[in-house]
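This report covers a protein model, going from strand pairing and backbone geometry to charged side chains. Please look at the sequence and structure below before reading on.

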Amino acid sequence: MSGPMQGHPVPSEHETVGAYALGILDDAEATAFEAHLATCEWCAQQLDELAGMEPMLAALADLPGSGSPAIGESLSAKPSPRLVNKLVDEVAERRAQKRRRSFYMVAAAAALIVGGPFAAMAASGGDSDGGGAGTNRTVAANPAKDLFNNIDDKVTGTDSASKVTATVALQKKAWGTETVVELGGVKGPLKCSLIFVSKDGERETAASWSVPKWGYGIPDAKTEQARNPLYVSGGVSMAPDDVDHIEVMDFDGNKLVEVDA
């Protein structure tokens, strides 16, 4: 059985917890285990983990090689100790997997809350390494571009030095501003951020992304992916009316383009 005692000799009382959870002990055995349970925190924890295993036994009784009766036969007969241990370990592992999945879902949700809503995709919807001319690839959906097209409030700016163009869509939300930037004329490799600056000078990052070496929105590029603009979605807590301007900055602190709101 898995648990804190794994890898060490286990007293017989601890081994009984699985059989007790399955309800297959006789009265004398159950009474003896309950006396042990009153003073054993580990068994109490294991019993709580394995609560409700009797229905699970019916679902798992037909395990290959177990020598157990087929599903549907009476469960009144005691399974062998080998089957009991196998079932207990199976249930414990399944519950551990469920806990791990729940943890990963909570962690992912926490990351989304901390980072804000975000998506970055090229206009083609692909996320390959750029490929070459003639490379076959399936065009995927591009939710960031779709959102951009569905927002009416847009502002545009082009930097005369960097030649980078940014069109920023702004949509008011109860929590602040949802935004999508259409970025073109940017060459990589770069790491960039979309930064909102309020009328009070407060700065807030809406999204961050990487620009591959082939870039985005390059009109004379050799590949379609490099010719297409990049769409990046994100959000900030400030309301659209509080925004003074929006900046696209690289991670070295260079301003690629500024757009007045």
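In the hairpin of S2 and S3, six residues lie between the strands, and Lys-163 takes a positive phi near 65°. The model is a predicted one: local features need pLDDT of at least 70, side-chain atom pairs count only at pLDDT 80 or more, and totals for chains, interfaces and linings use all residues. Residues are numbered from 1 along each chain as its sequence is written, and side-chain values use heavy atoms, with hydrogens and water left out.

**Strands and hairpins**

Strands (E, at least two residues) and helices (H or I, at least four) are DSSP runs, numbered from the N terminus. Two strands are said to pair if DSSP finds at least two bridges between them. Strand S2 (residues 154-158) pairs with strand S3 (residues 165-173) in the antiparallel sense, over five bridges. Within this pairing, Val-155 stands opposite Val-168 in S3.

S3 also pairs with strand S4 (residues 176-184), again antiparallel, over nine bridges. Here Gln-171 has Glu-178 in S4 as its bridge partner. The hairpin of S3 and S4 has two residues between the strands.

**Backbone geometry in two loops**

Most residues other than glycine have a negative phi, and most peptide bonds are trans. Lys-163 is not a glycine, yet its phi is positive, at about 65°. The residue sits in the loop between S2 and S3. Is Lys-163 buried or exposed? Lys-163 counts as exposed, with 57% relative accessibility. The classes are buried for under 20% relative accessible area, exposed for over 50%, and partly exposed in between (1.4 Å probe, protein chains only).

The peptide bond between Gly-188 and Pro-189 is cis, with omega about 0°. Pro-189 is in the loop between S4 and S5.

**Salt bridges**

How many salt bridges does the structure hold? There are four salt bridges, each defined as a side-chain nitrogen of Lys or Arg within 4 Å of a carboxyl oxygen of Asp or Glu.

Arg-203, Glu-247, Lys-255 and Glu-258 are linked in a network of salt bridges.

Glu-247 is buried, with a relative accessible area of 5%. Arg-203 is partly exposed at 46%, Lys-255 is partly exposed at 40%, and Glu-258 is partly exposed at 33%.

**A negative surface patch**

Asp-200, Glu-202, Asp-241 and Asp-242 form a negative surface patch. Patches are made of residues with over 30% relative accessible area and no salt bridge, with like charges joined within 9 Å. Asp and Glu count as negative, and the place of a charge is taken as CG of Asp or CD of Glu. Accessible areas come from the Shrake-Rupley method with a 1.4 Å probe. Glu-202 is found in the loop between strand S5 (190-198) and strand S6 (203-211).

Notes. Patches are made of residues with over 30% relative accessible area and no salt bridge: like charges are joined within 9 Å, nonpolar side chains (Val, Leu, Ile, Met, Phe, Trp, Tyr) within 5 Å.
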